[in-house]
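Please find below my notes on the model you sent.

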Amino acid sequence: MWNSRDIEVTPGARCSGSQISASSTLDDAEPVVRLASRLDRAHHVTMTRDAFAPGNTLVRECLAGRDALVVMSPSVHRLYGPRIKDYFADAADVRFMTLRRTEASKSLDGVVEVTERAAAVGLRRTSPIVAVGGGVCTDISGLAAALHRRGVPHLNVPTTLVGLVDAGIGTKNAVNHGRRKSALGTFHPPEHTVLDIDFLGTLPRRQLANGLAEIIKLAVVKDRPLFEILTRYGMRLVDSGFRKPVRAAEEIVRRAAVGMLAELARNQFEIADFRRKVDFGHTFSPHIEVASGHSVLHGEAVAMDIALSAQIAHTLGLLVDADLERILTMLEAAGLALTWPGLSADALAATLPSIVEHRNGDLHLVVPTGIGTCEFLGADDISTALLRSSMATLTRRTCGDEAPSVRRQTVSTSGGQ
Ligand SMILES: NC(=O)c1ccc[n+]([C@@H]2O[C@H](COP(=O)([O-])OP(=O)(O)OC[C@H]3O[C@@H](n4cnc5c(N)ncnc54)[C@H](O)[C@@H]3O)[C@@H](O)[C@H]2O)c1
Ligand SMILES: [Zn+2]
């Protein structure tokens with residue numbers, strides 16, 4: 001195999017198949033048949049370089065001779081389309097489509113678009129949908145794979161930093177609906193995810209910083225050594241498109257991916273526990289994304305949530321000055337804004353009940369208690385006054401005494417398409 005290494009975490013729990021037990025009496029309290037049904041699905045994550053080089057057989061091996069539908073983000077189609085098509089030239093029947101969707105149009109319509117193309121090309125039951133792109137592409141394609149014929153396999157080749165360390169390796173996928181972020185989705189683990197940092201060389205700087213936020217998230221709550229590596233190399237990597245120093249690029253992506261998968265593996269379908277460290281940065285961020293009309297990117301909103309959660313922890317005496325400073329400085333150094341001028345404490349507080357519903361009855365707000373450690377706060381710990389004062393402290397840090405609107409340009413509104 002071409003310069004590829006399996007990441008050792010295989011989160012798909014290997015379970016037995018279905019078990020059936022039948023009751024012999026017609027007792028209203030007992031079901032007539034009890035069917036224990038569990039999936040037996042492994043999810044492999046492999047790191048490689050130059051995934052679509054003609055001599056790199058990894059992705060073709062993943063197809064194992066099956067026909068496939070390859071779904072590409074527009075930029076991927078533009079930058080890598082011919083190379084990807086050449087790569088599959090001698091493979092089985094591989095068809096292609098470009099998914100022209102952004103965060104603002106990451107909806108069920110996009111899912112239907114992929115399933116219709118899958119039906120049009122006659123994708124068979126065991127044939128995969130292969131997403132090659134950012135999180136929008138892998139989310140829509142994963143959900144389409146879960147729905148087409150009630151579920152076909154899918155493979156991910158993430159091409160953004162968010163994709164490499166988060167969206168492309170996770171077990172779930174979702175689209176936005178109404179004004180709700182990631183409102184409709186499934187847990188449908190990919191069969192295989194292929195991680196290739198070479199794609200990052202063409203990613204715009206804003207998108208790299210956006211992805212760095214997801215890595216900072218992980219470092220802060222559970223991986224102090226990763227935080228130290230980021231402190232040393234993070235900015236150089238963002239400036240060089242994750243090309244230099246290449247060892248640090250590989251180490252950071254590998255460490256972040258393994259750390260993420262280790263968290264997911266113990267609660268893959270999120271039914272065992274609703275206190276998830278990887279929810280750090282994901283409590284206030286959905287509101288920021290939606291309220292900004294998606295002009296604030298996912299990772300940028302995560303960065304603001306990290307800053308606010310850390311500031312809350314500091315205000316409550318859970319995080320010392322020096323650690324708060326290290327977290328905020330790292331975000332700022334990456335060019336990530338700490339807060340969004342359109343944000344109001346009242347509006348933010350109003351969204352928390354729906355987060356409580358999603359987390360099965362409590363907020364479980366993840367806050368750092370040091371670099372590499374965290375704890376969970378309940379809904380009762382978070383008052384609107386606490387949100388207001390923490391947000392005001394961050395605004396003062398960002399804007400000094402100026403009105404927030406003066407510095408509104410801290411968050412760029414240009415799209416990454
Ligand atoms: N399912 C999950 O577990 C999960 C986890 C994290 C994030 N997400 C979702 O992922 C999405 C964000 O993903 P994203 O940040 O990858 O955004 P994205 O998919 O919108 O991609 C960002 C931009 O980069 C372009 N692009 C992709 N690869 C490129 C490359 N190699 N070179 C140049 N341009 C390239 C895309 O065409 C797009 O314009 C959000 O919708 C978020 O909700 C999902
Ligand atoms: Zn995220």
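**Notes on the predicted model**

1. Arg101 and Glu113 form a salt bridge, with 2.9 Å between the closest N and O atoms. The term means a side-chain nitrogen of Lys or Arg within 4 Å of a carboxyl oxygen of Asp or Glu. Arg101 lies in the loop between β6 (94-98) and α3 (108-120) and Glu113 in helix α3, so the pair ties together parts that are 12 residues apart in sequence. Helices (H or I, at least four residues) and strands (E, at least two) are DSSP runs, numbered from the N terminus.

2. The two partners differ in cover. Arg101 is buried, at 17% relative accessibility, while Glu113 is partly exposed, at 29%. Buried means under 20% relative accessible area, exposed over 50%, and partly exposed in between (1.4 Å probe, protein chains only).

3. On provenance: this is a predicted model, in which local features need pLDDT of at least 70 and side-chain atom pairs count only at pLDDT 80 or more, while totals for chains, interfaces and linings use all residues. Residues are numbered from 1 along each chain as its sequence is written, chains are lettered from A and ligands numbered from 1 in the order in which they are written, and side-chain values use heavy atoms, with hydrogens and water left out.

4. How many salt bridges are there by this rule? The count comes to 26. One of them joins Arg359 to Asp279, whose closest N and O atoms are 3.5 Å apart. This pair links distant parts of the chain, 80 residues apart: Arg359 sits in the loop between α12 (345-358) and β12 (365-370), and Asp279 in the loop between α8 and α9. Both Arg359 and Asp279 are buried. They also belong to a network of salt bridges that links them with Lys172, Glu270 and Arg276.

5. Asp346 and Arg388 make another salt bridge, at 3.1 Å from N to O. Here helix α12, which holds Asp346, is linked to helix α13 (residues 384-399), which holds Arg388; the two residues are 42 apart in the chain. Asp346 is partly exposed at 48% relative accessibility, and Arg388 is partly exposed at 43%.

6. Helix α8 (residues 246-265) has 20 residues and spans 28 Å from its first C-alpha to its last, close to the 28 Å expected at 1.5 Å a residue. The expected span is 1.5 Å times one less than the number of residues. Buried residues of α8 include Ala248, Ile252, Val253, Met260, Leu261 and Glu263.

7. The loop between α7 and α8 contains Pro245. The peptide bond joining Lys244 and Pro245 is cis, with omega about -10°. I would look at this bond in the viewer.

8. Which residues other than glycine have a positive phi? Asp50 has phi near 50°, and His294 has phi near 65°. Asp50 is in the loop between β4 (44-48) and α1 (58-63) and is partly exposed, with 30% relative accessible area. His294 is in the loop between α9 (285-291) and α10 (298-315).

9. Arg232, Arg236, Arg243 and Lys244 form a positive surface patch. Patch residues have over 30% relative accessible area and no salt bridge, and like charges are joined within 9 Å. Arg236 belongs to helix α7 (residues 224-239) and is partly exposed, at 49% relative accessibility.

Conventions
Patches are made of residues with over 30% relative accessible area and no salt bridge: like charges are joined within 9 Å, nonpolar side chains (Val, Leu, Ile, Met, Phe, Trp, Tyr) within 5 Å. Accessible areas come from the Shrake-Rupley method with a 1.4 Å probe; for residues, only the protein chains shown count as cover. Lys and Arg count as positive and Asp and Glu as negative; His and the chain ends are not counted. The place of a charge is taken as NZ of Lys, CZ of Arg, CG of Asp or CD of Glu.
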